[in-house]
Amino acid sequence: MDALVETPVTEAGRPESREHLRYWTALYRRDVGAATRVVERCLREWTPQRIYLRLFEPALNLSGTFWAEGRIRYQDEHFITWHTVRLMRRVRREFVLPDPTGPLALATGVGQESHAIGLRMACDFLRSVNWRVRFLPSNDRATIRDAAAALKPDAFLFSVGLDRGLEPARRAIG
C-alpha cells in the first residue's frame, strides 16, 4: 500500500502536508530508517509542535482509518503506532521543558480507553509552556478522586477516544 498514491491530493492539501503520507508509507513498508529520515528532515524545517500536528497526528489518523476500513491489519497499525511513539520521544526533547514549575495538570484515560497518544501530545504541549503534568497510574474513579483531593490540580485531562468513553468521563468528573 502506498498512502501517497491512495490519498488524493485534494485530501492532502499543501505539498508539505504530504509528508505524513511519506512517513506513514515508510512505516507501513517497515522502513523505519526512511520514516526516521522524514522526521529528521522535518526537525530541520519545522517546529517540533508542527511535527506533532502535521506529521504524527495525521499519520496516526490515517492508520486508524485504514484499519477501521479493513485496508491494513492490526499488526500494521500497531507497528506504525509503536514507532510513532518512539519518534515522538525524539521530537519531544526539542521542545518540552525538562523540569516545568508551573501549574499542575493530571492526565488519564477513562473507562476502557487505552489510546493515550493524543493525551501524551496534549501534555507535551502543556509541558512546553511550563505546566507540570502527572499521569495517573489508574483511571478508576477512586484514584482520580484521591489524586484530585491530594494534589489540587489546575487542570484535569481525560483521553476519550470513542463515544463509549463519554459516560465513564462523566462519572469520573461527577
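**Close-up views of a predicted model**

View 1. Strand 1 and strand 3 (residues 155-159) run parallel and are joined by 5 bridges. Strands here are DSSP runs of E with at least two residues, and helices are runs of H or I with at least four, both numbered from the N terminus. Two strands pair if DSSP finds at least two bridges between them. G109 stands opposite S159 of strand 3. Strand 2 (residues 132-135) also runs parallel to strand 1, through 4 bridges. There, L104 faces R132 as its opposite residue. This is a predicted model: local features need pLDDT of at least 70, side-chain atom pairs count only at pLDDT 80 or more, and totals for chains, interfaces and linings use all residues. Residues are numbered from 1 along each chain as its sequence is written, and side-chain values use heavy atoms, with hydrogens and water left out.

**View 2. Strand 1 is covered on both faces.** Buried means under 20% relative accessible area, exposed over 50%, partly exposed in between (1.4 Å probe, protein chains only). In a regular strand the side chains alternate between the two faces of the sheet. One side carries L104, L106 and T108; the other carries A105, A107 and G109.

**View 3. H20 sits in helix 3 (residues 19-28).** H20 counts as buried because its relative accessibility is 10%. Beyond its neighbours within four places in sequence, H20 is in contact (heavy atoms within 4.5 Å) with R54, L55, P58 and A59.

**View 4. The largest nonpolar core has 31 residues.** Such a core is a set of buried Ala, Val, Leu, Ile, Met, Phe, Trp, Tyr and Cys residues joined through side-chain atoms within 4.5 Å. Y23, W24, V39, I51, L55 and F56 have the most contacts inside the core. Helix 3, helix 4 (32-45), helix 5 (48-68), helix 6 (74-92) and helix 7 (117-128) each supply at least two of its residues. Helix 5 gives the most, with 8 residues. A second, separate core of 7 residues includes A105, L119, W131 and L157.

**View 5. The lining of the largest pocket has 29 residues.** L60, E77, H115, A116 and I117 lie nearest the pocket centre. A pocket is an open set of points on a 1 Å grid over the protein atoms alone, where a 1.4 Å probe fits, with protein on both sides within 12 Å along at least five of seven lines; lining residues have an atom within 4 Å of a point. Helix 5 gives the most to this lining, with 8 residues.
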